[in-house]
Amino acid sequence: MQRTAIYAITFTARCESGLHIGGSQDELAIGGSDSPVIKNPATRQPYIPGSSLKGKMRGELEKQLGRFGGRDNDRPCGCAKDECPICRIFGAHMNTRSNLGPSRIIVRDGRPLTGVRIENKTENVINRQTGAAQHPRSNERVVEGTEFKMQIVLQVFDLDGHFSYTDGNGGSHQGDEALQAVVADGLRLVQMTGLGGGTSRGSGAVSFHDFKLDGNPWKHWSA
Ligand SMILES: [Zn+2]
């Protein structure tokens, strides 16, 4: 196995609503939010963990392609089949006999392009039996309009040459281009469904812009 190409896909993520990606309990402070957003401990600035974006891309692609693992189809795909886009791009979950090689993408943490304002969104917890509002709970959110600089490194191996993929618009791709098309579809699905916590309650809408592949326009994203 030999690597034949390595690309940097760079883009901007813009919050189209408040964004809540939860931080650790260590950050809980007296008088602080019940649920803080994750922050860089050195700068105290919120960021988008690469693992959050990667995990959401994987989960949405699994749903879209109907590829899951586990007896109850409730686990990440670990089939390691040659034609599986999930296992090829993200790695075969818990499968030590996979011949597909390492995860093809490295998703970097997204750093804010400017200073970030944080808001506290208070939500009532509703008792489902009585319908009564219980204690209110405050969630920190990065405010709408905040932009983050994102980067996904994509590596291609010689064994990807025969991999083919039909994208969400029906276009068919081979090899290197097929891998890129899977990444683009994953990002489109995140754009449709949101990122972080509370997406069903109006948080986490994001849009992606300004795509470049090694500094040049990226043909898999025309916007
Ligand atoms: Zn699979």
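I began with contacts in this predicted model. Of the contacts in the protein with a separation of 6 or more, 59% are accounted for by residues 24 or more positions apart.

Next I looked up the overall make-up. The protein has three helices and 10 strands. I read their order along the sequence as β-α-α-β-β-β-β-β-β-β-α-β-β. I then checked the radius of gyration: it is 19 Å, close to the 17 Å from the globule rule for 223 residues, so the protein is as compact as a globular protein of that length.

Along the principal axes of the protein, the trace spans about 55 × 45 × 30 Å. For burial, I found that 33% of the 223 residues are buried.

Then I turned to strand S6, residues 147-157, and looked up its pairings. How many bridges pair S1 with S6? I found 11 bridges between S6 and strand S1 (residues 3-15), in the antiparallel sense.

I followed S6 to strand S2, which covers residues 105-107. S2 and S6 run antiparallel and are joined by three bridges. Here I noted that Ile106 has Val153 in S6 as its bridge partner.

My last entry concerns strand S3, residues 111-112. Two bridges join S3 to S6, and these strands run antiparallel. Which residue in S6 is the bridge partner of Arg111? I found Lys149 there.

In short, I have S6 paired antiparallel with S1, with S2 and with S3.

Definitions and conventions. Residues numbered from 1 in each chain as written. Predicted model: local features only at pLDDT ≥ 70, side-chain atom pairs only at ≥ 80, totals over all residues. Pairing = 2+ DSSP bridges. Helix = DSSP H or I, 4+ residues; strand = E, 2+ residues; numbered from the N terminus. Rg over C-alpha atoms; globule rule 2.2 N^0.38 Å. Buried ≥ 20, exposed ≤ 12 C-beta atoms within 10 Å, placed from the backbone. Contact = placed C-beta atoms within 7 Å.
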